[in-house]
Amino acid sequence: MTAPFRGTTPQQRDPQALVAKPIFDWFFAFAVVAVIVLYVRALAFTPPDALQGLAQKIYYVHIAAWLGAYTAIGITALMSIVYLWLHDERADRLGEASAEVGLVFLTVGLTTGTIWAHRIWGAWWVWWDMRLTLTLFLWFIVAAYLVLRGGIEDPGMRGRYSAVLAVLAALLIPFIHLSVYLFSARLHPMPVALQPGRPKMSPEMLTTFLGSFVAFIILCIALIRARYRLGVLRDIASAAEIDGDAR
Amino acid sequence: MIDTHAEMVAGYVVATVIYIGYVVSLWLRARRVRGVILSAAKNRSASERDPSLRSG
Amino acid sequence: MNELRAPGTLSAAWLLARKDLAIEFRTRTAFFSALVFAILALCIFYFAWDQSIVAPSELAPGVLWVVLTFSALLGLQRSFGLEEHDRGIDALLVSPVSRESIYLGKAIGNLLFLSAIQAVTIPALALFYNLPVGRPLLVVTGIVLLAMIGIVAVGTLFSAMAVNTRMAELLLPMLSLPFFVPILMSAAQIATRTLAGRPMSESAPYLKILIAFDVVFVVACTLAFPFTLEE
């Protein structure tokens, strides 16, 4: 390890400028507006589902949360490979930021899913649903990734260990997927919107649905950006602390 | 059509609370880390002006 | 020995495994406590279900996998903890063996350690839960071996990582258990079917997952191990 904080070296000389930069910026404000617009549209201007009633509107936060979670976790996996290859701290920091945001989106997906399932399926939790089980284990893996990071002081070791874990987890997912698939009957409703020939969703609902994807992807990126900036600040702080101790 | 109004409200409230909770946690952590950096910078500039303030 | 030269990957791995097992054989503390733990757990879990509702023989496969998982975690915990004491890992790193050999040696040592525990646990299970001794039990033993290869492959790597962190004892199960999911799911399915006297063809897809997992993770963890060492 040559330069421990390569990505931040220029700012390190003048931490004041970077510290003054807020972690929530115009892009985050834009994301908040997008989500509020989506909420208003989903709750007030979209008709309820004929069978499920109003609970179907949970879809607009639930499925978008999955999309956000998988986007964020995909970024973590990709950045882990980049980190093992190039040893660039920025990749490590982006991977960490995405993992944490991914965990938030997974939590939203799981909680809104159980609220929906308890009336529509008649049970808070069902083990026969493949996606539910798979996502639960994904939650545990992402949580383990973050706990592992929290347990290591040395930045280089923290980056390598967590990247190794993320790459192995990427290999693990197909295995969990396959074994849960064999284990469970397939009773989960298939994604309605993406099935040609079965347009069960009205045009208004489809627009809201696709709009929810856009709004929450923007929120996902905004949160990752904010978390990334927090990571930069934290690295400056730990460098400053080490510097202070050395004096 | 079954009445699932309560579920809808619960779903949106839970999702919103989790997102807002995360944003608040980010904000609090950023504030704390910023405090650490600024106090370190203050100590440094103080010790540069007056070497007797140096610790250790 | 006529000349000093670095041994090949596999023979170096075997040397390291023998070193670990020799330490284990002389002290016997970890082996004895892991063995007592496994048999104790077998007996305790017997009382965790109502025997008037579930027959002990139907309960046995479940108990087997729980006990296997936790005794494996105990054994793996110790694997790199052994080197942490006196910084033995540094001595290994300066010795002329490849990093892959260190990993494979540790893994082989762990596999033999766990096999020795299972060699006692499975007969004890048959004894306490009244399992018929015969071909099904032999098949289950084979499945246990296959499952242990996967568990040891992943667990050895995570053990190496966990010792360098704070809260190593807590982190190893947290990292490993999600990786044990496909192993335990398929191994338990095969064992339940076999002990119920169902034909082997029913278990074929699960067997394929188990074997594929072993192959993929032995290779992947061997390649990943050098990244977990100091550079």
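## Helix axes in a predicted model

An axis is a line fitted to C-alpha atoms, for a helix over the stretch in contact, and the angle between two axes runs from 0 to 180 degrees between N-to-C directions. Two packed helices are described by that angle and by the distance between their axes. The model described here is predicted.

## A helix pair in chain C

Start with helix H7 (residues 168-195) and helix H8 (residues 204-224) of chain C. Their axes come within 9 Å and cross at roughly 145°. The crossing of H7(C) past H8(C) is left-handed.

H7(C) brings C:Pro182, C:Ile183, C:Ser186, C:Ala187, C:Gln189 and C:Ile190 to the contact. H8(C) answers with C:Tyr206, C:Leu207, C:Ile209, C:Leu210 and C:Phe213. By class, nine of the residues in this contact are nonpolar and two are polar. None is charged.

## A proline in chain C

C:Pro136 sits in helix H6 (residues 135-162) of chain C.

Leaving aside residues up to four places away in sequence, C:Pro136 touches C:Thr194, C:Leu195 and C:Gly197. C:Ala191 lies 55 residues from C:Pro136 along the chain. Their C-alpha atoms are separated by 8.4 Å.

## Chain A overall

Chain A has eight helices and zero strands. Read along the sequence, its pattern is α-α-α-α-α-α-α-α. Chain A holds 247 residues, and 43% of them count as buried.

Now take the contacts in chain A with a separation of 6 or more. Of these, 75% join residues 24 or more positions apart.

## H6 against H7 in chain A

The axes of H6(A) and H7(A) come within 10 Å and cross at roughly 165°. Angles over 145 degrees count as roughly antiparallel, and H6(A) and H7(A) are therefore roughly antiparallel to each other. H6(A) passes H7(A) in a right-handed crossing.

Which residues meet here? On H6(A) they are A:Met130, A:Thr133, A:Leu134, A:Phe137, A:Ile141, A:Tyr145, A:Leu148 and A:Arg149. On H7(A) they are A:Arg158, A:Tyr161, A:Ser162, A:Leu165, A:Ala166, A:Ala169, A:Ile176, A:His177, A:Val180 and A:Tyr181. The contact of H6(A) with H7(A) has 13 nonpolar, three polar and two charged residues.

## Where chain A meets chain C

How many residues of chain A are in contact with chain C? There are 24, and they touch 23 residues of chain C. Two elements of chain A give two or more residues to this side: helix H6 (130-150) and helix H7 (155-183). H7(A) gives the most, with 15 residues.

The chain A side splits into 21 nonpolar residues, two polar and one charged.

## Confidence in chain A

The average pLDDT of chain A is 83. A score of at least 70 is reached by 83% of the residues.

Over residues 1-11, pLDDT stays under 50, and the model has 17 contacts beyond four places in sequence for them. Over residues 185-199, pLDDT also stays under 50, with 13 such contacts. Where pLDDT is low, the predicted coordinates should not be read in detail.

Definitions and conventions. Residues are numbered from 1 along each chain as its sequence is written. Chains are lettered from A and ligands numbered from 1 in the order in which they are written. This is a predicted model: local features need pLDDT of at least 70, side-chain atom pairs count only at pLDDT 80 or more; totals for chains, interfaces and linings use all residues. Two residues are in contact if their C-beta atoms, placed from the backbone, lie within 7 Å. Helices (H or I, at least four residues) and strands (E, at least two) are DSSP runs, numbered from the N terminus. Ala, Val, Leu, Ile, Met, Phe, Trp, Tyr, Cys and Pro count as nonpolar, Asp, Glu, Lys and Arg as charged, and the others, Gly among them, as polar. Angles under 35 degrees count as roughly parallel, over 145 as roughly antiparallel, 65 to 115 as roughly perpendicular and the rest as oblique. A crossing is left-handed if the near helix is turned anticlockwise from the far one by less than a right angle, and right-handed if clockwise. pLDDT is the predictor's confidence in each residue, from 0 to 100. A residue is buried if 20 or more other C-beta atoms lie within 10 Å of its own, exposed if 12 or fewer, and partly exposed in between; C-beta atoms are placed from the backbone.
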